[in-house]
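Take a first walk through this protein.

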Amino acid sequence: MMTLKVNGADHQVDADPDTPLLYVLRDDLGLNAAKFGCGLGQCGSCTVIVDGKAVLSCVTPLVLLEGKQVTTLEGLGTVAAPAPIQRAFMEEQAAQCGYCIAGMMMRAQALLLRNPKPSDAQIRAELEPNLCRCGTHMRILRAVHRAISLMDTADATSDRSRR
């Protein structure tokens, strides 16, 4: 039995320490945004954030996560109050089939956590490990830029409210 911190809550998990995080998220915790794509860490559909870094959950064993904070797409926002990255992807209609989008959003979120003003080249490099077979790459890029604007607006609003 181990304690897994996911989306700000502690969960007692009774699984083999070598079990990939993806299986525990989906099967034990009911968090289904991260998808099983290839199971080999090659497509990015299973991307989550661990301690601020994008991680491929299909190849990350539980044993590496003790004491770390895992964030899934479900932990960013809600349907009623989506996080800026989620809102931006919806507004730009970045999803076609939707299979890759959770992983794309999580990888973009990890980038924006460490670099709130990335260049196009930095965004493209960050998203490169994630595959989109529908070809919505340009809408995804626009969505990341929109998220940056939404985050800037939210920051400016909170700065004004503190005064």
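Which residues does Ser57 touch, not counting residues up to four places away in sequence? They are Pro20, Leu21, Leu22, Ala34, Cys46 and Val48. A contact here means heavy atoms within 4.5 Å.

A word on the source. This is a predicted model, in which local features need pLDDT of at least 70 and side-chain atom pairs count only at pLDDT 80 or more, while totals for chains, interfaces and linings use all residues. Residues are numbered from 1 along each chain as its sequence is written, and side-chain values use heavy atoms, with hydrogens and water left out.

Stay with Ser57 for a moment. Ser57 sits in the loop between strand 4 (53-56) and strand 5 (69-71). Its relative accessible area is 0%, so Ser57 is buried. Buried means under 20% relative accessible area, exposed means over 50%, and partly exposed lies in between (1.4 Å probe, protein chains only). Ala102 is 45 residues away from Ser57 along the chain, and their C-alpha atoms are separated by 12 Å.

Now the whole protein. It has 5 helices and 5 strands. Both are DSSP runs numbered from the N terminus: helices are H or I with at least four residues, strands are E with at least two. Along the sequence the pattern reads β-β-α-β-β-β-α-α-α-α.

How far does the C-alpha trace span along its principal axes? The spans are about 45 × 40 × 25 Å. Of the 163 residues, 42% are buried. Among contacts with a separation of 6 or more, 57% join residues 24 or more positions apart. The protein exposes about 8,600 Å², and carbon and sulfur atoms supply 53% of this area. Such areas come from the Shrake-Rupley method with a 1.4 Å probe; for residues, only the protein chains shown count as cover.

Next, look at the backbone. Most residues other than glycine have a negative phi. Asn7 has a positive phi of about 50°. Asn7 is in the loop between strand 1 (2-6) and strand 2 (9-13). With 27% relative accessibility, Asn7 counts as partly exposed. Gln93 also has a positive phi, near 50°. Gln93 lies in the loop between helix 2 and helix 3. At 57% relative accessibility, Gln93 counts as exposed.

Finish with the pockets. A pocket is an open set of points on a 1 Å grid over the protein atoms alone, where a 1.4 Å probe fits, with protein on both sides within 12 Å along at least five of seven lines; lining residues have an atom within 4 Å of a point. The largest pocket holds about 250 Å³ of space. Its lining has 13 residues, and Leu73, Thr78, Val79, Gln86 and Met90 lie nearest the centre. Helix 2 (84-91) and helix 3 (101-114) each supply at least two lining residues. Helix 2 gives the largest share, 3 residues.

The second largest pocket has a volume of about 160 Å³. Volume here is the space filled by probe spheres set on the points, which are joined across faces, edges and corners. Among its lining residues are Cys43, Cys97, Cys100, Cys132 and Cys134.
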